[in-house]
Amino acid sequence: MQEQDTYYLNEICTQNALYTQQTGRKKKCLTHTFGCQMNERDSEILFGFLAQMGYEKTDIEAEADLVLFNTCCIREKAESKVLSHLGELKKLKQKNPDMIIGVCGCMMQQKGMADMIRSSAPYVDLIFGTHNLHHFPKYLYDVYQGKGRQIEVLDKEEGVQEGLPSYREYPFKALVNIVYGCNNFCTYCIVPYVRGRERSRKQADIVQEVKQLVADGVVEITLLGQNVNSYGLDLQDGTTFAGLLQELDQIEGLRRIRYMTSHPKDLTEELVKTIAESSKVVDHFHLPVQSGSSRVLDLMNRRYTKEHYLHLIDMIRKYMPDAAISTDIIVGFPGETEEDFLETIDLVQKVKFDSAFTFVYSKRTGTPAARMEDPTSLEEKKERLQRLNDALSDISRDINDKLQDTVVEVLVEGPSKTNEAMLSGRTTTNKTVIFAGEPSLIGQIVSVKITEAQTWILKGALAE
Ligand code: 5AD
Ligand code: SF4
């Protein structure tokens, strides 16, 4: 953490302590996080700052002294959600003019977006981007000093920041960044424009962070990068993702290593072998395919073909026959024909994915795909999405049915979202299992016998 940021952090901490002395209450904060795990991790850092400044977390907007929106712009829907929610806050701010509202994250890095918020939402006090998240204490300090609205978005990334504070959501599992940014420029994707070029953290820093997490009770880590397979290449010192996994695998007390996301063009046999030979790296590959048509993959600039992807799947099954495989798929990419779409269905049938995140293509201004001819109607695209989802759920159901009566290892994560009286956890293959048990099991890895297989979840009972 930079010295000046520490200074501002300490100053706000002192002011807040004084406020608590005078009023008998602690200031409260709330963060709305949109988008992916990268953003979730960034919000943990923002909360880390806020906790050190003496703020208390609240889930109730009306009682918050500070509300932060950590935004996402991957699809239009993510953006409209932010804008409509932000509009609702206007009324709250009218009732409580001292409330501070901040907007940060990927959406702010988009050309013109910060200016749009600046003029259309004058009640927003703070605007910053992903590259200068670590300067948050300074911006907040300046607002408190009466210097008016603080708006700063940097065009370029500022390297890798180490030693930032962090508020971890769970005591037993943790997100760990390993590489920031993306160099791939898939033609539909906004990420390389808002997250900058690939920057890897030093292996020693990652290992040290994970050792500390394990010492604090963490048993599962998820390594984060837009393309974890290219981790280390920019360091040009021989660091590789496979090497990192091998070293993390040695950490005593750590039970599971997850990672997100793998780009198929960089998945090597060496890496699959490393994963197969490791004792802690999970039996789950999330390998976004995006389309089953080699023609569309070329237009997407994915740099692999349908055949190569199927070859990778064979390779994974050769070394790890029981591994689960999940994916991301976009339907309705500009110019996708019915024949192209049928290639996607064919690939899905051949691979037999355990699960998939599926999306209708969303036009992102500034990307090459936004300039491509797109004659297919939204209605037709939605209809394709439905057909794809039907195919995927049939396959998932078949795979899950085979788990009936087997015993699986589950990391217990907490009460089930749909039934508070039950526990919910995940297998190494990333399947959700719901079962009855004491809350004291949360954070532990337990054996569960599957009693009822459903399409997207498994139900079970604690095994003897
Ligand atoms: N439209 C639809 N889906 C997109 N994704 C990325 N950009 C777009 C877009 N413009 C999907 C991809 C990616 C996932 C994180 O989001 O499938 O893997
Ligand atoms: Fe976007 Fe492609 Fe980079 Fe993934 S690899 S973040 S889809 S540009």
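Gln290 lies in the loop that links strand S12 (284-286) to helix H11 (294-299). Helices (H or I, at least four residues) and strands (E, at least two) are DSSP runs, numbered from the N terminus. This is a predicted model, in which local features need pLDDT of at least 70, side-chain atom pairs count only at pLDDT 80 or more, and totals for chains, interfaces and linings use all residues. Residues are numbered from 1 along each chain as its sequence is written, chains are lettered from A and ligands numbered from 1 in the order in which they are written, and side-chain values use heavy atoms, with hydrogens and water left out.

**Gln290**
- Gln290 counts as buried because its relative accessibility is 7%; buried means under 20% relative accessible area (1.4 Å probe, protein chains only).
- Beyond its neighbours within four places in sequence, Gln290 is in contact with Tyr188, Met300, Arg302, Tyr304, Asp328, Ile329 and Ile330; contact means heavy atoms within 4.5 Å.

**Ligand 2**
- The residues around ligand 2 (a heavy atom within 4 Å) include Tyr188, Gln226, His263 and Arg302.

**Helix H6**
- In helix H6 (residues 136-144), 7 of the 9 residues are buried, among them Phe136, Tyr139 and Asp142.
- The buried residues of H6 pack against elements including helix H1 (3-23), helix H2 (37-52) and strand S3 (66-71).
- Gly146, with a positive phi near 80°, follows H6.

**Strand S18**
- Strand S18 (residues 445-453) runs antiparallel to strand S15 (residues 407-415), joined by 5 bridges; pairing requires that DSSP finds at least two bridges.
- Val410 stands opposite Val446 in S18.
- S18 and S19 form a hairpin with 3 residues between them.

Conventions
Buried < 20%, exposed > 50% of the residue type's maximum accessible area, 1.4 Å probe, protein only.
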